[in-house]
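Welcome, and please have your viewer ready. We will go from stop to stop, selecting as we go.

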Amino acid sequence: MPLHPLLWSLLPAHIEFLLIGWIVQLTMGVAFWILPRYWKRPRRPKKNYVLVAFVLLNLGIWLVVAGTTLRAGSWVFFAGRVAEVGAILFFALHSWRRVVSREGV
Ligand code: HEM
């Protein structure tokens, strides 16, 4: 439906918010909840890694949106993607312990 052509400049933000900010974040939340828990407390070890992952992910999302929609420059965009990759690494570090390590079971 043809509305205003300027609306297309919002497409990168739309993709970033909906795909990374919503779908990926929902998936991470479900994974954090459902991955095998330890028998003893803390049931979900190294929770701080997940906290860092969520902070990095959201920082990354806003930097990517600033770099695309708000035209803050390619370095801002790049920094956003780096933050997002950092989020993946921290989330993987947390999940790895719950899937592989037998420590504390
Ligand atoms: C009211 C709800 C929504 C509206 C009105 C809407 C609208 C649009 C429009 C107009 C486009 C551009 C399509 C084109 O390139 O021709 C688009 C693309 C896209 N949307 Fe949405 N969208 C909605 C919900 C969502 C949701 C819920 C998600 C993800 C969970 C999403 C993810 C995407 C992605 C990834 C693209 C890029 C697809 C591509 O370029 O091939 N959107 N959306």
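Is A66 buried or exposed? Select A66 in helix α2: with a relative accessibility of 15%, A66 is buried, where buried means under 20% relative accessible area, exposed over 50% and partly exposed in between, using a 1.4 Å probe and protein chains only. Helices here are DSSP runs of H or I with at least four residues, numbered from the N terminus.

Before moving on, a word on what you have open. This is a predicted model, in which local features need pLDDT of at least 70 and side-chain atom pairs count only at pLDDT 80 or more, while totals for chains, interfaces and linings use all residues. Residues are numbered from 1 along each chain as its sequence is written, and side-chain values use heavy atoms, with hydrogens and water left out.

**Around A66**

Show the contacts of A66 (heavy atoms within 4.5 Å). Apart from neighbours within four places in sequence, A66 touches R71, A72 and V76. Now pick R71, in the loop between α2 and α3. R71 is exposed, at 69% relative accessibility, and has a positive phi of about 55 degrees without being a glycine.

**Along α1**

Next, select residues 11-34, helix α1. Its 24 residues reach 32 Å from first C-alpha to last, close to the 34 Å expected, that is, 1.5 Å times one less than the number of residues. Centre the view on Q25 to find a kink of about 25 degrees; the bend is the angle between axes fitted to the seven residues ending there and the seven starting there. Q25 is also one of the buried residues of α1, as are I20 and M28. The buried residues of this helix pack against α2 (47-68) and α3 (74-99).

**The ligand**

Zoom in on H14, where a polar side-chain atom lies 2.8 Å from a nitrogen atom of the ligand.

**The loop between α1 and α2**

For the last stop, go to P42, in the loop between α1 and α2. What kind of peptide bond joins R41 and P42? The bond is cis, with omega about -5 degrees. In general, most peptide bonds are trans, and most residues other than glycine have a negative phi. K46 sits in the loop between α1 and α2 as well; K46 is not a glycine, yet its phi is positive, about 55 degrees. At 40% relative accessibility, K46 is partly exposed.

Conventions. Helix = DSSP H or I, 4+ residues; strand = E, 2+ residues; numbered from the N terminus. Polar contact = N/O pair within 3.5 Å; in protein donor to acceptor, adjacent residues only side chain to side chain.
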